[in-house]
Structures are given as C-alpha cells and as structure tokens.
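This report concerns strand pairing and charged side-chain contacts in a protein structure.

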Amino acid sequence: MKRSVILLVFTLLCAVSAHAVETLRVLAWPGYVDADWVAKFEQLFAARVEVTLVGSDEVLWQKISANQGADFDVVAANTVEVSRYIDHKLVQPLNLARLPNVQQQLPRFKNAQNISGIHRLGEVFAVPYTYAEMGLIYDRKQFATPPDSIRVMWDPAWRGKVLAFDDSSHNFSLASLALGGEPFHIAPVRMPAVVQQLIALRRNVLTFYSLPEESVALFKQHQVALLFANYGQQQFKALREAGLDVGYAIPREGALAWLDCWAIAAGARQPALAHAWINFMISADISRELTRRQGLDNTLDASANSLESDKLWWLEPVEDDTRRSALWTRILSGDRPEQFK
Amino acid sequence: MMRFGIAAKLALLLLGFGFLSMGLVGTVAYTNSRTTVLESAQRELLTATQVLGRQFQTNMEIVSSDALMLSRLPSAPRVAQARLTQDHSADEAALVAAFEALMVVRPAYFQVRLISAAQHGLELVRVDRDGANLITVAAADMQEKSHNAYVFNTLALGAGQVYLSDISLNHEQGAHDGLDKPTLRVATPVTAADGSVLALVVINLDLNGLFERLKADLPNAYQVYLSNHWGDYLIHPNPAEAFGFDAGRRIFIQDAFKPVADLIKGTGGSAVTSVPPITQRSPGLVAAFVRLPYGAQRDEQRFVVLGLSQPMAQVVKQIEHLGWRTLQVMLAGGVGALLLAVLLARLVTQPLKRMTEAMQGFAEDQTVSLLNDNRQDEIGVLAASLNAMQNTLVSNLQELNASRDAIEQLAQHDPLTGLPNRALFQDRLVQAMTQAERDHGALALMFVDLDGFKPVNDLYGHQVGDELLNVVAQRLQDCVRRMDTVGRIGGDEFVVLLPLVSSVNDAVVVAEKICQSLHEAVNIEGHHVMISASVGVALYPDHAHDMKTLIHFADTAMYLAKKAGGSQMKVAVVANPDRAV
C-alpha cells in the first residue's frame with residue numbers, strides 16, 4: 001500500500017520534472033535522426049527529444065493527421081506529403097528568421113518558391129533536408145555517349161532493351177516530360193497523347209520491373225541497355241556491385257526527384273524548439289554526417305550524381321492519381337491504342 | 001514406537017531412493033521420447049512435403065505437356081501466320097475447340113492463349129474461364145503482351161521447350177476468373193517448319209486451385225506454405241501474408257522459419273523446424289520445407305520453397321500421451337517400490353522386534369527366552385550376544401539372591417544354633433499377638449534360662465558350651481509344635497512362643513516338658529554334662545496385653561523359678577493384667 005503511494009508520488013515527480021524540461025516530439029524516417037544528434041540537440045537546448053520512426057507515407061499520414069497534428073512538433077516528409085499536409089492544415093507556416101541555416105543551403109533549396117510542394121500563398125511550410133533523383137542507368141558498353149534525353153527510352157534502337165518501372169504516377173510524368181510537357185499536371189486534353197506515348201513505351205521496353213533486385217536480374221539476363229532508376233543511387237550501386245559496367249545520367253528534360261523536408265505540425269506545443277530543431281538538422285555538421293552515414297544527398301553540398309544545373313522535378317501531387325492508376329493498369333495489361341478511343 | 005520408527009524410516013529411505021531412480025529414468029525416457037516424437041513428426045511432415053512437392057512437379061509436367069500438345073496442333077502455326085496471309089477462321093475455331101476441351105478437363109486452368117511473336121505480343125486466340133463458362137475473347141478485346149516475362153522469355157526458347165513463369169497475381173485486365181489471382185503461366189513456343197518462333201501457347205494455372213486439390217489428400221490440420229526464390233510468400237495459411245511484394249510489402253518465409261534461409265541461399269534441399277508458441281493467436285507449429293527446382297533446366301537459379309506445417313498441439317498431444325504412459329509406468333513402479341520397501345523394512349526389523357520382545361520379557365520377569373542365533377550376519381551376532389547377556393544376568397541374579405538369603409539368615413538367626421534371634425523372635429511375637437487379638441485367642445511366652453551353664457563353660461571350655469547350647473536348642477524344638485517358635489536371645493537365655501494355646505494348662509504342659517527334657521544329661525566329646533532349666537511362663541491376654549509387659553512377666557516368672565532352686569517352671573501371677581501395666 002505504502003510502496004504504491006511512494007511509487008505514485010515518484011511517478012508524478014518524474015512527470016512534473018519531465019514537463020519542466022521541454023519535450024520535442026519528432027516524427028521521422030529511419031536513418032534521418034541518429035541518437036548522437038539527438039543527444040547533442042538535447043544538450044544544446046536543455047530539452048528532451050522523443051523520436052518516433054515511420055516506414056511508409058501511409059503511417060506518416062496516420063500519425064500526423066491524428067489529433068490534427070497535435071501529437072508531434074516536427075515531421076520529416078517528402079514534398080508530395082507536405083503539400084497534402086498543407087491542404088489539410090496539418091502543418092504551420094515557418095518563421096524563416098528563426099532558421100538562419102537556410103542561408104547556407106544550395107540555391108535550389110534556399111528559395112522555397114522554387115519548390116512548389118512546400119509553399120502556399122507566400123508562406124513557407126517546410127525546409128528541404130535530403131533528396132534523391134530518379135536518373136537513367138545505362139550500359140556503358142552499349143552507349144558510346146551517355147543518354148541525354150528521356151526520349152531514349154522510346155528509341156526503337158533500344159527496343160526490348162529498356163527497363164521501365166511499374167508505377168502509374170511516375171510513368172505518366174515521364175511520358176509527359178518526353179512529350180515536352182510538365183510532369184505533374186497533365187491537362188485532360190493532353191491525356192490521350194500521354195496514353196499513346198505510354199503504349200509506345202510499353203512496346204519499346206523489355207518489361208516494367210517492381211523490385212530493385214528484379215531489375216538487377218533482368219539487366220543481367222537480358223543485356224538491358226537502359227534502365228529508369230526509380231530507386232536512384234541505391235539501384236546504381238546494386239547494379240555496379242552485380243558486376244555491370246553501368247553509368248548514371250540525368251536527362252536534359254530533368255529527372256523526377258523526391259525531396260524530404262522538415263515541417264512543423266499545426267498542433268506543435270514547442271514551435272520555438274521545433275524551429276531550433278530544423279535549424280540544427282540543416283546545419284553543416286548534421287547535413288554532412290547524413291551524407292556520410294546514409295549516403296543521402298544533403299542540401300548544402302552539390303551532389304556527386306547530378307550537376308547543379310540539372311533539372312530536378314521535385315515530386316508533387318499529380319492532377320488525378322486515381323485516373324492515372326486506372327489508365328496505367330489498362331496500358332500494362334496490353335490494351336491497344338484503338339481500345340482507348 | 002521405536003520399532004515402528006526404524007521400520008518407517010528404512011521404508012521411507014528405500015521408497016525415496018526407489019522414486020528418485022524411477023523419476024530420473026522416467027524423465028530421461030520422457031525427454032528422449034519427446035525428442036523422438038518431435039523428430040518423427042518432423043520426418044513425417046518432411047515426407048509429406050516431399051510427396052506434395054513431387055505432386056506439384058508432376059502437375060507442372062502435366063501442364064507442360066498440355067502446353068506442348070497445344071503448340072503442336074497444326075492449326076497453331078497456321079493461325080499465327082494467317083494474319084499475314086489468308087483466312088484463318090477454320091484454324092482459329094479448331095484451336096478454340098482444343099483450348100476449351102482441355103479447360104473442361106483441367107479445372108485449374110484459368111486461361112489458355114495463343115500469343116503472337118509479332119505485333120507486340122498480340123493475343124491471337126484466348127479462352128478465359130469465367131465461373132462455370134468458358135469465354136472465347138473477341139479479337140477487339142485482345143491485348144498486347146510482349147512486355148510480359150512469360151512472353152519474351154518463351155520467345156527465346158526453341159521448339160519443345162517450356163517456360164514456367166514466376167508466380168504472381170495476375171493484374172492483366174479482362175482476365176475474368178484469373179484476375180488478381182495467384183497465377184503461374186506455363187508457356188511454350190509455336191514454331192514454323194523452319195524452326196522460327198511464330199507464337200507461343202500460354203496456360204494460366206490457378207495456383208490456389210491446384211494446391212486446394214493437392215492438399216485434399218493431406219490431413220486437415222496441415223497448412224501449406226509456398227515462397228518464391230526470394231522467400232516472398234506465395235501461399236500462406238493467412239492469405240494476407242501472401243504476395244506482400246505486390247502491395248510493396250516484403251514478407252519473407254525465412255524470417256518466420258529461420259532454417260529456410262539455407263534453402264533460399266541454395267545450401268540445403270530441405271529443412272525441418274518447430275516454432276514455439278508465441279501467443280494464443282499463433283500457437284506453435286512443426287514445419288518442414290523443401291526446395292523445388294522450378295522451370296526450365298537452363299535456369300538453375302529458379303526454385304520455389306514448399307512447406308507444410310502441423311500445429312504443435314497435435315504433436316504435443318502425442319507427447320502428452322507418452323508422458324501419461326511414462327507416469328503410469330512410474331506409478332506402477334512406485335507401488336512396487338513401496339511393497340518392496342515395506343517387505344525389506346520388515347525383514348530387517350523383524351529380528352529386532354523379536355529381540356526387543358525378549359529383552360522386555362526378561363526385564364519384566366527375568367524369563368530367559370533364547371533368541372535364534374543361527375544367522376551368520378550381524379543380527380545373528382547380536383542375538384548371540386543378547387543370549388550370553390541374559391545368561392550372565394541370570395546367574396548373577398541367582399548369586400545375588402543367595403547372598404541376600406544368607407545375609408537375611410545372619411540378621412535374623414542366632415549364628416550358633418540357627419534359632420531366630422531376638423529381632424526375629426520379637427517380630428514373630430508381635431505377629432502372634434496381633435493374630436491372637438484378632439482371633440480373641442491366647443498365646444504363651446516362655447523364658448528359658450539354663451541353670452549352671454557358666455560352670456560348664458568354665459570347666460570344659462567354650463566349644464563344649466557351644467555344643468551344649470546346640471543340644472538345648474534341639475531339645476527345645478523337639479518339645480514344641482511346628483507352629484511354635486524357639487529363639488535364643490542371650491548366652492544361655494532362650495525364649496519359646498506358643499502362638500495358639502487354649503488355656504494356661506497347655507503352656508504349663510509344654511513348660512514342664514521342657515524342664516524335663518533339659519534335665520537329662522548330655523554327652524559331649526566324652527563329657528557327661530548335667531544341666532537344668534528355669535522356665536517362666538506368661539500368657540496373653542491373661543497376664544498382659546502388650547509385648548513389653550508380657551516379656552516382663554515371663555522374665556519375672558523365670559526369675560522366680562530360678563530363685564526357687566531352678567529346674568522348674570513358674571507361671572506369672574497377676575491379679576489384673578491391666579493394673580500391672
């Protein structure tokens with residue numbers, strides 16, 4: 001009886017003391033927040049950090065949307081997701097004055113107006129943290145010079161030697177880019193042309209892969225010349241490790257790229273501390289450690305895989321995901337051009 | 001109590017030992033048998049898995065030969081070429097009829113198609129299963145399939161070769177029954193006379209349907225697992241676990257069943273394992289897996305892993321049965337041990353019990369009961385020792401009793417004459433007086449004093465005097481009845497007690513008889529000795545009621561007789577004995 005009372009008092013004291021030190025609740029992907037960084041931040045700001053890790057966009061959405069974003073202070077999410085959060089008012093505008101380290105970022109990241117997913121009505125909602133582009137991987141034995149256009153995937157010279165990825169959204173974006181359009185917002189009037197373009201792609205590829213290891217196996221077995229690298233650098237590394245003499249290229253139309261950013265939840269209890277966290281995470285020390293430890297590109301240094309002049313299309317919500325998906329299923333099933341008329 | 005104690009302790013000890021050894025043997029036997037049962041369950045399961053695997057491979061061979069048979073139909077190459085040349089409807093109809101006939105007898109076929117090698121893999125003839133119907137798909141709905149692995153891989157084969165696709169969910173739109181179902185495509189090229197590949201025949205096999213049928217021969221509790229060469233589940237008792245990769249989720253068989261990792265790596269052909277129960281929802285199970293080479297021979301990398309599991313509960317039931325049997329045997333053994341222990345304890349304690357009884361009897365009344373000392377063991381030695389002890393004790397006791405009797409004799413009798421001494425005589429006098437008082441009877445007390453004894457002593461010496469006293473003692477005893485007592489209370493002073501007299505006359509008769517008897521001469525060592533005696537008589541209750549007064553009166557009467565010249569008797573005279581006190 002007595003013991004439980006003491007325990008209760010102790011628990012209460014702990015709870016009180018825990019509240020005395022400010023607690024920052026962080027929602028992030030594995031590899032984005034290392035324990036020693038957390039310890040350093042806690043020391044610098046005399047705060048406590050609670051990190052929750054998620055493995056998919058779906059889980060991330062569940063966590064941030066529960067309680068209207070009141071369960072967390074900061075969240076790491078890609079541009080598509082951030083855009084969706086802004087739509088649902090789950091994140092709040094940032095005070096850039098509190099984020100001096102933004103000034104150290106590369107020009108393409110420094111100006112949020114360049115990245116459509118993270119600003120709205122003149123206000124900035126997220127700060128870029130890390131990114132990866134989906135370039136083209138080519139067989140250096142078959143390509144005398146690196147492919148410079150995305151249209152090479154449609155080149156009959158490589159018929160049956162191209163590997164594309166089985167994803168409706170990306171493939172529509174790619175087809176649109178190949179047609180000289182913008183990837184994420186295909187107007188209805190342009191859609192039939194994009195579909196025909198995708199049928200043409202289907203007729204030119206060996207197949208559409210899903211898993212990274214599947215792409216490696218296919219590349220080896222079928223003397224593939226060109227591969228759309230949905231898994232980016234990771235996939236490039238895997239192919240090289242499989243003994244393939246491959247190169248990596250960013251086409252002149254630009255490459256689709258995902259960009260993960262830090263944003264502050266709408267219901268954050270510690271907005272000031274959350275700004276401090278974001279500023280800390282984009283500091284030179286942490287950014288370079290992220291690249292060193294995870295092999296992920298940071299926002300301060302130019303990537304080894306792409307030039308600063310390369311066009312990168314940060315992923316954005318597309319005009320109609322469901323429609324793209326339905327059309328893609330038919331295209332993949334082998335419906336002929338006349339069946340879409 | 002002690003007897004029981006030793007027997008009980010001994011029995012307990014023996015019993016404890018018996019149970020301990022039985023428990024040990026039982027536990028070892030149970031543990032070993034448990035392992036054996038588990039191993040045999042796993043072996044059985046492995047055999048079943050291997051049989052299932054062979055059945056699966058046999059079925060693959062059947063599907064392959066079906067595909068080959070269709071590809072060799074003369075109408076097949078004609079349809080493939082006809083598009084480019086002339087009318088082909090008759091050949092097409094023949095193919096459709098063949099496809100349908102086959103699908104009627106092969107319920108696990110979702111779809112049978114002829115696909116062109118040209119025209120981006122356009123389907124030329126296609127029959128789909130749709131519930132109970134077979135649908136011949138119209139030309140307008142045909143699709144291009146060249147970008148599918150089963151097409152481009154089969155087109156790379158030569159005549160008579162068969163391609164088995166990876167197993168996947170069929171998301172090809174318009175596939176009717178097969179849509180989104182686990183499907184295995186078996187395909188073979190259709191070649192022209194010159195050997196060039198014109199088309200391919202593809203059979204879509206309903207994987208779940210096939211295993212449903214194969215599983216029908218197995219016990220109900222058996223569950224089937226199937227994975228591809230990466231370990232992704234294709235069949236799992238929980239359908240949600242299968243084809244995780246199709247939804248971007250990898251669920252690997254080797255994560256749930258560690259030994260399967262060797263099969264995936266290609267370092268093993270089969271594996272057995274048991275998964276302990278984790279929660280109530282996932283009770284433990286025993287499982288066996290085999291690695292089945294899959295597809296064309298040129299592609300040795302491809303295989304599937306097939307597994308069967310059995311709930312641990314079933315195996316446990318066998319083990320429990322075994323445990324119960326072991327327990328029964330142990331219980332029977334325990335009863336045996338109990339009987340044996342009691343018997344042994346009795347065997348050991350029985351002689352001890354007899355010895356104790358003998359010793360108790362001996363202690364109570366010194367009856368010697370000789371123990372059986374024929375035994376050659378420690379008990380025999382103990383019995384012999386006890387016998388010896390009993391004998392020693394008895395002889396010692398006899399000696400002791402003799403000495404005690406002698407001492408008693410010495411204490412109460414005159415050592416010279418053997419007559420009662422003063423103490424014994426007084427004792428008898430008291431008894432006699434008590435008796436007389438109770439019986440209202442009378443008794444007589446006489447004091448007998450020898451006249452002229454001193455001169456005899458002086459004249460002939462003490463030896464003669466002593467001899468004389470012996471003669472006197474003898475003569476006095478001759479003068480009285482057996483019930484009467486003669487005692488010697490001093491040098492030449494004797495006393496006589498007549499415990500039962502009817503009157504003073506009885507006493508006077510005896511007294512005179514004594515005087516007469518003692519007046520006769522005695523011959524001792526050649527000496528002719530003449531003596532006489534003075535006798536004083538007093539009677540109870542005539543003269544006194546108490547001993548002291550009675551003695552006083554007898555003594556006084558004796559003195560009067562001596563004074564009157566001796567050799568005579570005097571009876572005490574007293575008017576009123578009460579006054580005399």
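## Salt bridges and a sheet

In this predicted model, Glu172(B) is buried, with a relative accessible area of 7%. Arg185(B) is likewise buried, at 6%; both residues are classed in this way because their values lie under 20%. Arg185(B) and Glu172(B) form a salt bridge whose closest N and O atoms are 2.7 Å apart. The two residues are 13 residues apart: Arg185(B) belongs to strand E6 (residues 182-191) of chain B, while Glu172(B) lies in the loop between strand E5 (168-169) and E6.

Over all chains, the structure holds 34 salt bridges. Three of them are listed below.

| Salt bridge | N to O distance |
|---|---|
| Arg185(B) and Glu172(B) | 2.7 Å |
| Asp245(A) and Arg140(A) | 3.0 Å |
| Arg48(A) and Glu50(A) | 3.1 Å |

In chain A, Asp245(A) is partly exposed, with a relative accessible area of 29%, and Arg140(A) is partly exposed at 46%.

Chain A also contains an open sheet of five strands, ordered E10-E9-E11-E8-E12, with mixed pairing. Its edge strands are E10 (207-209) and E12 (246-249), each of which pairs on one side only. Within the sheet, strand E9 (residues 162-165) and strand E11 (residues 226-228) run parallel and are joined by two bridges; Val162(A) has Leu226(A) as its bridge partner in E11(A). Helix H9 (residues 232-241) of chain A lies across E8, E10, E11 and E12, running at about 165° to E12(A).

Conventions
Residues numbered from 1 in each chain as written. Chains lettered and ligands numbered in written order. Predicted model: local features only at pLDDT ≥ 70, side-chain atom pairs only at ≥ 80, totals over all residues. Heavy atoms only, no water. Pairing = 2+ DSSP bridges. Helix = DSSP H or I, 4+ residues; strand = E, 2+ residues; numbered from the N terminus. Contact = heavy atoms within 4.5 Å. Axes fitted to C-alpha atoms, helices over the stretch in contact; angles between N-to-C directions. Salt bridge = Lys/Arg side-chain N within 4 Å of Asp/Glu carboxyl O. Buried < 20%, exposed > 50% of the residue type's maximum accessible area, 1.4 Å probe, protein only.
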